[in-house]
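User: I would like to go through the terms used for this model and see what each one rests on. Please set the values against the cut-offs.

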Amino acid sequence: MAAQALRSALPIMKDYAGIVFRRYKALHVLGKAFIWLVILFYICFGTFVIVVTPARIAQYLYDQARLLAETRFGWLALAGAMVVISFPPLIGHTTLVTLCGFAYGMQGFFIAASASVIGASLVFVVLRFFFSKRLHQWSDHNEKWQALESVVQAKGLPLIILIRVSPFPPWVYSNSLFASIQAVSLWQFATATLFIFPKLALHVFIGSRIATLSDGDQRGHMDTQTKIVNGLLIAGGLAIAILTSWVVYNMVQKHIRHLEGIPSDVDELAAEAIEDYGEEDRLLRSSSPTYDDRV
């Protein structure tokens with residue numbers, strides 16, 4: 001069974017590798033240089049971790065997290081950071097959600113959940129306000145986007161929820177994706193965002209377990225079995241997060257391509273619009289916003 005799953009996954013991995021390589025070849029020389037700088041950064045970072053040792057780094061991070069948790073408005077600073085990184089092209093939402101668990105334990109879920117809903121809703125309103133006119137002009141000439149809008153308008157909230165819980169597009173681009181679809185209202189978007197709470201809870205839980213193993217004092221009072229259990233919980237949580245993300249993404253693509261009452265060519269174009277959204281994010285391409293005359 002495992003061998004069969006591996007054989008079925010190999011073609012998908014080859015397809016993604018091909019897509020990545022083609023996108024790399026299409027990049028400007030500065031874009032390619034940036035990628036190599038990122039690779040160099042991770043090499044240097046890995047060397048730093050090896051030299052300093054993971055235990056000392058983990059202890060330092062744990063101490064800083066405790067300092068944040070004991071600060072009077074530390075939770076508000078963390079929530080504010082989550083709101084800010086909800087705006088594209090910033091990244092780090094999952095990292096900050098995990099940090100909520102690292103600093104506050106499972107109580108950090110309430111920080112992560114509330115900040116995620118507020119941040120996503122704020123992004124939706126701001127992007128819809130500033131860019132709706134430009135989007136309307138662009139979507140009139142984009143067949144894929146017209147197909148996606150017609151599919152979302154026809155199927156409504158259930159399809160919006162399904163796309164929202166999908167891992168692709170990533171968090172920030174998912175926010176701008178729904179702001180781009182005129183058929184999606186704010187209440188539908190906010191409601192769909194509530195369905196990512198189980199994913200947030202999982203990452204908060206992983207962060208809380210990592211914190212337990214990061215503190216030397218707590219580790220010193222653990223027997224070997226307890227350490228192994230905590231390690232397995234972290235590994236299991238990560239495995240569940242990766243597996244469910246892969247399953248949900250494929251489910252979304254399959255569902256969109258086989259919607260009842262929608263022509264097959266429209267289904268296919270809508271699915272491609274979601275896959276290609278990172279390349280066609282017209283809300284973010286221009287440096288100067290255009291106000292909608294109707295606002």
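**Terms and the values behind them**

Analyst: The largest pocket holds about 640 Å³ of space. The model is a predicted one.

User: What makes a residue part of the lining of the largest pocket, and how many residues are there?

Analyst: A lining residue has an atom within 4 Å of a grid point of the pocket. For the largest pocket, 28 residues line the space. Thr94, Pro167, Trp171, Lys199 and His203 are the ones nearest its centre. At least two lining residues come from each of helix 5, helix 8 (157–165), helix 9 (171–180), helix 11 (197–214) and helix 13 (224–257). By class, the lining has 17 nonpolar, nine polar and two charged residues.

User: Why is Pro88 called buried?

Analyst: Buried means under 20% relative accessible area. Pro88 has 12% relative accessibility and therefore counts as buried. Pro88 sits in the loop between helix 4 (74–84) and helix 5. Its C-alpha atom is 9.3 Å from that of Ser174, with the two residues 86 apart along the chain.

User: Why does Asn230 get the term buried?

Analyst: The relative accessible area of Asn230 is 5%, which is under the 20% cut-off, so Asn230 is buried. Asn230 belongs to helix 13. Leaving aside residues up to four places away in sequence, Asn230 touches Arg209, Thr212, Leu213 and Met222. A contact here means heavy atoms within 4.5 Å.

User: What share of the protein chain is buried?

Analyst: Of the 295 residues in the protein chain, 38% are buried.

User: How many helices and strands does the protein chain have?

Analyst: The protein chain has 14 helices and zero strands. From the N terminus on, its elements therefore read α-α-α-α-α-α-α-α-α-α-α-α-α-α, with each run assigned by DSSP.

User: What share of the contacts join residues at least 24 apart?

Analyst: Counting contacts between residues at least 6 apart in sequence, 76% join residues at least 24 apart.

Note on methods. Residues are numbered from 1 along each chain as its sequence is written. This is a predicted model: local features need pLDDT of at least 70, side-chain atom pairs count only at pLDDT 80 or more; totals for chains, interfaces and linings use all residues. Side-chain values use heavy atoms; hydrogens and water are left out. On a 1 Å grid over the protein atoms alone, a cavity is a set of points where a 1.4 Å probe fits but cannot get out, and a pocket is an open set with protein on both sides within 12 Å along at least five of seven lines; lining residues have an atom within 4 Å of a point. Grid points are joined across faces, edges and corners, and a volume is the space filled by probe spheres set on the points. Helices (H or I, at least four residues) and strands (E, at least two) are DSSP runs, numbered from the N terminus. Ala, Val, Leu, Ile, Met, Phe, Trp, Tyr, Cys and Pro count as nonpolar, Asp, Glu, Lys and Arg as charged, and the others, Gly among them, as polar. Buried means under 20% relative accessible area, exposed over 50%, partly exposed in between (1.4 Å probe, protein chains only).
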